[in-house]
There are 4 protein chains.
Amino acid sequence: MAPEIAKLGHVALVSTDLEKSLVFFKEIIGLEETTEIDGVHYLRAYSDFQHHTLSIEAGENAHVKHIGWRTKTADCVLGFKELLDEQGIAVQEYPKGTTPGIGDSIRFQLPSGHTFELYNEVEKSKAASDKASILKNQVYKSWNKGISPRRFDHVNIHTTTDVDESYEFLMEVLGFNMREYVRGDDGILAGWMSVTPLVHDVAMIKKETLPTPARLHHISYWLDDTQDILRAADILKENNLPFIGPGKHGVSQAIYLYVMDPGSGCRVELFSGGYLIFEPDWEPVEWTLEERALSNTYWGDSVQDKELNNITIEAR
Amino acid sequence: MAPEIAKLGHVALVSTDLEKSLVFFKEIIGLEETTEIDGVHYLRAYSDFQHHTLSIEAGENAHVKHIGWRTKTADCVLGFKELLDEQGIAVQEYPKGTTPGIGDSIRFQLPSGHTFELYNEVEKSKAASDKASILKNQVYKSWNKGISPRRFDHVNIHTTTDVDESYEFLMEVLGFNMREYVRGDDGILAGWMSVTPLVHDVAMIKKETLPTPARLHHISYWLDDTQDILRAADILKENNLPFIGPGKHGVSQAIYLYVMDPGSGCRVELFSGGYLIFEPDWEPVEWTLEERALSNTYWGDSVQDKELNNITIEAR
Amino acid sequence: MAPEIAKLGHVALVSTDLEKSLVFFKEIIGLEETTEIDGVHYLRAYSDFQHHTLSIEAGENAHVKHIGWRTKTADCVLGFKELLDEQGIAVQEYPKGTTPGIGDSIRFQLPSGHTFELYNEVEKSKAASDKASILKNQVYKSWNKGISPRRFDHVNIHTTTDVDESYEFLMEVLGFNMREYVRGDDGILAGWMSVTPLVHDVAMIKKETLPTPARLHHISYWLDDTQDILRAADILKENNLPFIGPGKHGVSQAIYLYVMDPGSGCRVELFSGGYLIFEPDWEPVEWTLEERALSNTYWGDSVQDKELNNITIEAR
Amino acid sequence: MAPEIAKLGHVALVSTDLEKSLVFFKEIIGLEETTEIDGVHYLRAYSDFQHHTLSIEAGENAHVKHIGWRTKTADCVLGFKELLDEQGIAVQEYPKGTTPGIGDSIRFQLPSGHTFELYNEVEKSKAASDKASILKNQVYKSWNKGISPRRFDHVNIHTTTDVDESYEFLMEVLGFNMREYVRGDDGILAGWMSVTPLVHDVAMIKKETLPTPARLHHISYWLDDTQDILRAADILKENNLPFIGPGKHGVSQAIYLYVMDPGSGCRVELFSGGYLIFEPDWEPVEWTLEERALSNTYWGDSVQDKELNNITIEAR
């Protein structure tokens, strides 16, 4: 039986200005800190159930160490190890405890060079009693600080490599489903893929040139209501943080706001709305180049050809 | 390999006042009509991808003929047939075309007496060009009429039978996951179960006495934002339709509004917010009797001990 | 030329548990503190332009010292003094500085016994630079803490006295316009009155019995969006503060949530939506006793016959 | 005693494609039609209390015949007539019934050339019983069709003339208060003025060149919640109507969306949020040229240097 990924787990971020990054993620975005060990801060949204969905530590170059995914079972980690071995892909194994809150894991690079981590075991940490929700199905009280998203949603990565190879790898080896894509003259330019009913757990975009062949474009946290995104815009504006949005994507139909962590340069997409895919035989939605503007922005502040700045987060 | 259900499909409703039901579902709730064949009206929300999620026809007794579920593959229908045969459960088979838009199907009763239908093949009907969304991932334009929900969400059924038998059947035979439940002195009184990351595709509640042992309590349609639920309250009030809510459930954390189709007596829950379960090893959340009020209503107009009226929709 | 009141100014509250009141108003409601002088805390919402809209101090009996109103001009204060003298009503005069941020003022009792204060001069205090909005038309950054309302909205007072006398006084002497009222068998039972286009700056309700003949029922702060009221419900629930609502009033059409300051027993209504009256010849809207339920609650958690508790804030 | 304007009343619009304009204003924007007399359609929002706030008729050139204002009393119309005579301004008098629903009126041109109409008497038309709200303080049921705004809000007019002359006229003769303005190198370039606590009932903007010296830039209708503006964006997009926004203005702090009536070229701003001015001694807020971008757009899809097209509605 083929091993399966259950969900996006976490991103391990290195920041050149840890203090700034912590203010950004804890005070402005409003993530909670599960713990800090050896200078690494483990953060999550108020209703992320696993130990952390973002770790941040100081380093000389801002980059993503790896993007972590949780498998369906413990056996799936071994199953993926075998599959990757068969593909001739180098796999590093890490015993439980290498990363706090995470069990035995393996790491490897996509054809695009991005480093993925797979694991099954996670610590489902409770909140301290004064911060815990009165709801038994929620970890922390909501609305404690800043924007206060509910949960980690997806990652968006860019590549200058042959992107078809990576799409095939993500689908054939890792089991992702292509949900929507933009087709260019020479093939797919952008693909939104998921193992869950979300339209995407990961998007991969082809770029002609990048300062790094394996870029993390953004990580994304989810809020329940579009009004929460507009409140986020107020908060970011009052904190002098430039952002793109609000707007509504054509792809995924989600409401967006993009802001950059001023410490690491990591972009964060605040995300709400959108649709879920429950059909087991979903036909990927194709958007042509002519439709790309609509696929990017159904309405609102356009994302096309806009960048918050030119910082590039390498993710390998 | 065990057969699997992918998603809730549709409900086949019989109304004693078809005209009233059609005004309610089409003008007030704002469902779209895919087609009408032989007096049966096939309806769906603006972004339901399959042929219909609700059918309504006239009849002498208001009741639900069956609750339909879509399996992951065509083979799963056969697989479930075998499983049910093994259990000694009577299964009726219906060839493709028995219900417009739906392929080969089987029907059977839960231990509670509720009739379920399983099928895989569905017609993914397009909207007429003047009603079609400009978005390639959405069927109809949204906000065409009335409340305008996005998609079918879940069903809630009541039973006076030994409910444990049904929970076991739903989990062991049909593959549902228990997500949250209320435990009484003698066992589980209410269980929320799903095959998707939704907290529930189906809820089953134990009642001491009911006019029918197999009641449909409500069907539910989903809206993107809680503000849409408040707009729905305005619309229902102005149409002299009594309702319960708005409020926020503890279980599922969703925002709710309950209203009754005046034609059939079928309750409809308008639903938004809530959380998704992506953890593959989710521990069902237990609520005690003491916590039942909170599990019902986190805040808002309480659902406890309130009924819109005493009409009972039998679902067998 | 008749003196005129421009707007509701502030309420001077005495609490039996100042610390609890400050946590409630500053951390949960999210008011800002302009200053603290001699143990009196001067608070306001993020976009209240005058020095304070609420003052709180410790005292042995929780009560409201007075309800303050700002006149159109400085001459209006003198004008009202003359008018009140003519009516044979006792007037106390207070020089500028008696209350920080407020100029020369007069105080007197309504026929109902409630103490009103009139003044024109106010200090329009700026926010400290780290808390100031980047908007030149807003005082503080919004969303700094807790619920974060925009501005002070209205007061609601109860009386056991002959209420017609007070309505007449409010309209004939103070210049309020009756906007909506409930008529009982023996006359008006509840009146919503304003000098602004708001439906009410003050509501006065007749009660048969009260522990004090001159009760403050609630003060109210305004939020921009109904979604903000629902967010407030989450915050209050997570802080174990009981509340009534959310719901939508028939009178005023506003969305409401009622919560009580656990320090003083003062109720606070969180308020959004509603309508404005710009017609110069507005005919007061009459609601009969039969329509009272609708006038109280258009939909949602009903306010009728509900009390947060039996604490009574005297306002004389 | 100086005559006073109470509120903005209506705009009389001439369209080159009446049918298109009626579809736009009635089906898309969702205004109600009070009546149609002699080919002129009288429209209003669901809670506009006077007979109409917009009239539309067919004509060879799209233009605004006049912008109507309601005075506080009938005497004020005479008072303004005298004031205007004293200023040497030509005044036309129209007897009651010239415009359906409106009493005796006068018309004249601002120094900028824009035609204003003043009247006091209005017919407060009821809705037909099947369209009437169950609320006694609301005219029509809300959410009947399309976007469904609550009420008429403001007008925005442009001029190439000496704008200071018009500002002075609006303030000194007509009694408007300057609330916010943008100061350029040679004086005020844009002013937001009101007789009500709204930040503006009218905005007048100086332009160097215009196809007409007296342009109507837009009329504006108000919605209760920002979510309603986002729903409006969905509706406009699905109807292939280009728009600017959503965004949040610095001036007024209101949420905006600009769309153009494809029949007449008249722009409509959909408006929510914002703040009210109750202070009787409000100091106009000054924005410099450097701050103009912020004054235009606090966040969102920028209005700066964007036009829906180059159609110009003359308003004289």
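Student: Where is B:Asp130 placed in chain B?

Tutor: In this predicted model, B:Asp130 lies in the loop that runs between strand E8 (115-119) and strand E9 (151-159) of chain B.

Student: Is B:Asp130 buried or exposed?

Tutor: B:Asp130 is exposed, because its relative accessible area is 58% and the cut-off for that class is over 50%.

Student: What separates the C-alpha atoms of B:Asp130 and B:Cys266?

Tutor: A distance of 31 Å separates those two C-alpha atoms, and B:Asp130 and B:Cys266 are 136 residues apart along the chain.

Student: Next, B:Lys81. Which element holds B:Lys81?

Tutor: B:Lys81 belongs to helix H2 of chain B, which covers residues 74-86.

Student: Why does B:Lys81 count as buried?

Tutor: The relative accessibility of B:Lys81 is 19%, and buried means under 20%, so B:Lys81 falls in the buried class.

Student: Which side chain is joined to that of B:Lys81 by a polar contact?

Tutor: The side chain of B:Asp85 is joined to that of B:Lys81 by a polar contact of 2.7 Å. As background, residues three or four places apart in an α-helix point the same way, because the helix has 3.6 residues a turn.

Student: Leaving aside neighbours within four places in sequence, which residues is B:Lys81 in contact with?

Tutor: With those neighbours left aside, B:Lys81 is in contact with B:Val91, B:Glu93 and B:Ile106.

Student: Let us turn to the chains. What rotation superposes chain B on chain A?

Tutor: Chain B is superposed on chain A by a rotation of 180° with 0.0 Å of shift along the axis, and the RMSD is 0.0 Å. That is the relation of a two-fold axis.

Student: Which residue of chain B comes closest to that rotation axis?

Tutor: B:Asp225 comes closest among the residues of chain B, with its C-alpha at 2.7 Å from the axis.

Student: How many residues does the contact take from chain B and from chain A?

Tutor: The contact takes 42 residues from chain B and 42 residues from chain A. The area buried between chain B and chain A is about 3800 Å², and carbon and sulfur atoms give 57% of that area. B:Lys136, B:Asn137 and B:Phe278 supply 18% of the area that chain B buries against chain A, more than any other three residues.

Student: Why do chain B and chain A meet through the same surface?

Tutor: The copies do so because 100% of the interface residues of chain B are also interface residues in chain A.

Student: How many salt bridges are there between chain B and chain A?

Tutor: The count between chain B and chain A is 10 salt bridges. One of the salt bridges joins A:Arg70 to B:Glu279, and the closest N and O atoms there are 2.7 Å apart. There are also 22 residue pairs in polar contact between chain B and chain A, both residues being at pLDDT 80 or more.

Student: How many salt bridges cross the interface of chain B and chain D?

Tutor: The rule finds 2 salt bridges across that interface. One of them links D:Lys141 with B:Glu238, where the closest N and O atoms are 3.8 Å apart.

Student: One last topic, helix H1 of chain A. Which of its residues are buried?

Tutor: In H1 (residues 18-28) of chain A, the buried residues are A:Leu18, A:Ser21, A:Leu22, A:Phe24, A:Phe25 and A:Ile28. H1(A) is followed by A:Gly30, which has a positive phi, near 90°.

Note on methods. Residues numbered from 1 in each chain as written. Chains lettered and ligands numbered in written order. Predicted model: local features only at pLDDT ≥ 70, side-chain atom pairs only at ≥ 80, totals over all residues. Heavy atoms only, no water. Helix = DSSP H or I, 4+ residues; strand = E, 2+ residues; numbered from the N terminus. Buried < 20%, exposed > 50% of the residue type's maximum accessible area, 1.4 Å probe, protein only. Polar contact = N/O pair within 3.5 Å; in protein donor to acceptor, adjacent residues only side chain to side chain. Contact = heavy atoms within 4.5 Å. Salt bridge = Lys/Arg side-chain N within 4 Å of Asp/Glu carboxyl O. Least-squares fit on C-alpha atoms with pLDDT ≥ 70 in both. Buried area = accessible area lost by both parts, 1.4 Å probe.
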